[in-house]
Amino acid sequence: MNYALIGCGRIAVNHIKAALNNKLKIVAVCDVKPEAMEALLSQYDLEQDASIHRYTDYRQLLAEQKPQLAAIATESGLHAQIALECIDAGVNVIIEKPMAMSIPDADEIIRRSEARGIKVCACHQNRFNRAVQETRQALESGRFGRLSHGSIHVRWNRDRDYYAQAPWRGTWGQDGGCLMNQCIHGIDLLRWMLGGEIEEVYGVTKRQFHEYLECEDVGMAVVKFKNGAVGTIEGTTNVYPKNLEETLYLFGETGTVKLGGTSTNNIDVWNFADEDESDSKNRGLQEATSNVYGNGHTALYADMIDAIQQGRQPYVDAVAGRNALELVLAVYQSAAIGVPVRLPLCDTASTDFVGRFPNREEKGVKYSG
């Protein structure tokens, strides 16, 4: 299957690795910075491979290469535009999180892909973590009983040097704050596990330490689900001095699970009323990862390839991407107006919150890096 990668920044290495692990034929990479393409390819000794075409214009790539599958790993504000053009070109697409920066754009991706029979996968790779998959299986088999509540804690660190690497980071138009960028994977897991359908969200966001950003560096929320469960969200990039944890708790009438590690890759607590011998393998489960992105990209790619070949929806489809985006935007909206917000959202975008945190430093000034 011919494959192309659009965007060769920080996360691109995971995409190339997943493509190679799944034996995709890499026909092209694209980035506005030629040096970024070469640096990425050199990590896998591909810089001398003349069969991999380099482009600085993704439209030219789509027209000339016509890949069966493309992945979009650019700045977030371009995801929807590029995805829609891939769909129009008949190219199946994996979209890095967030799938879009507005509800109308996410809805259009869903509508247009369904109309044209194109597969779209939202890149929430943590759903494929071993710990997450074991928990989901227990949930689907009814082992938790009636759900009471759950919570996600994403307690990470991002400093000035990180934001200095790319001026789009921390902006409302191209990125969003910690909830949209760093915490959306955990937010996706919380919504997915607790039932999906949300009644109401109450959120608070602050920009505590990163005064040079437009957006929040800490956000908290209470989420009321239609099935009666309650969820809480804590996301931040203010943890000193480095990433601490990404932890998911689920509490049911007959089960309690805590997933920990830096990216919900470990099982810290695994207790069920219907105890059996198989549970012992899950207690203390640890999946080693080389970075906070985990190992899920390879499995996500494998699923997407199978979805294309079998004509089914991918495990993490465009609707899942929209759901995660909607919950983040609902927290933003509630924090901005100071009252709970009812879902669904219909016409909300990250750019609605421009000016939310005034007196922002000028980009490029006072950076230590």
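**View 1. Helix 4 (residues 79–88) supplies three residues to the lining of the largest pocket, the largest share of that lining.** The model is predicted: local features require pLDDT of at least 70 and side-chain atom pairs pLDDT 80 or more, whereas totals for chains, interfaces and linings use all residues. Residues are numbered from 1 along each chain as its sequence is written, and side-chain values use heavy atoms, with hydrogens and water left out. The largest pocket has a volume of about 900 Å³. Its lining comprises 41 residues, among which Gly9, Ala73, Thr74, Glu75 and Trp168 lie nearest the pocket centre.

**View 2. Helix 4 is mostly covered, with seven of its 10 residues buried.** Buried denotes under 20% relative accessible area (1.4 Å probe, protein chains only). The buried residues are His79, Ala80, Ile82, Ala83, Leu84, Cys86 and Ile87. They pack against strand 1 (2–6), helix 3 (58–65), strand 4 (69–72), strand 5 (92–96), helix 5 (103–116) and strand 6 (120–123). Just after helix 4, Gly90 adopts a positive phi of about 80°.

**View 3. Glu216 lies in the loop between strand 8 (198–206) and strand 9 (218–225).** Glu216 is buried but has no salt bridge (a side-chain nitrogen of Lys or Arg within 4 Å of a carboxyl oxygen of Asp or Glu). The nearest side chain of opposite charge, Arg356, is 7.7 Å away.

**View 4. The side chain of Glu216 reaches the backbone nitrogen of Leu179 at 2.8 Å.** The side chains of Glu216 and Tyr332 are joined by a polar contact of 2.8 Å (a pair of N or O atoms within 3.5 Å; within protein, one must be able to donate a hydrogen and the other to accept it, and residues adjacent in sequence count only if both atoms are side-chain atoms).

Definitions and conventions. Helices (H or I, at least four residues) and strands (E, at least two) are DSSP runs, numbered from the N terminus. Buried means under 20% relative accessible area, exposed over 50%, partly exposed in between (1.4 Å probe, protein chains only). Lys and Arg count as positive and Asp and Glu as negative; His and the chain ends are not counted. On a 1 Å grid over the protein atoms alone, a cavity is a set of points where a 1.4 Å probe fits but cannot get out, and a pocket is an open set with protein on both sides within 12 Å along at least five of seven lines; lining residues have an atom within 4 Å of a point. Grid points are joined across faces, edges and corners, and a volume is the space filled by probe spheres set on the points. Contact means heavy atoms within 4.5 Å.
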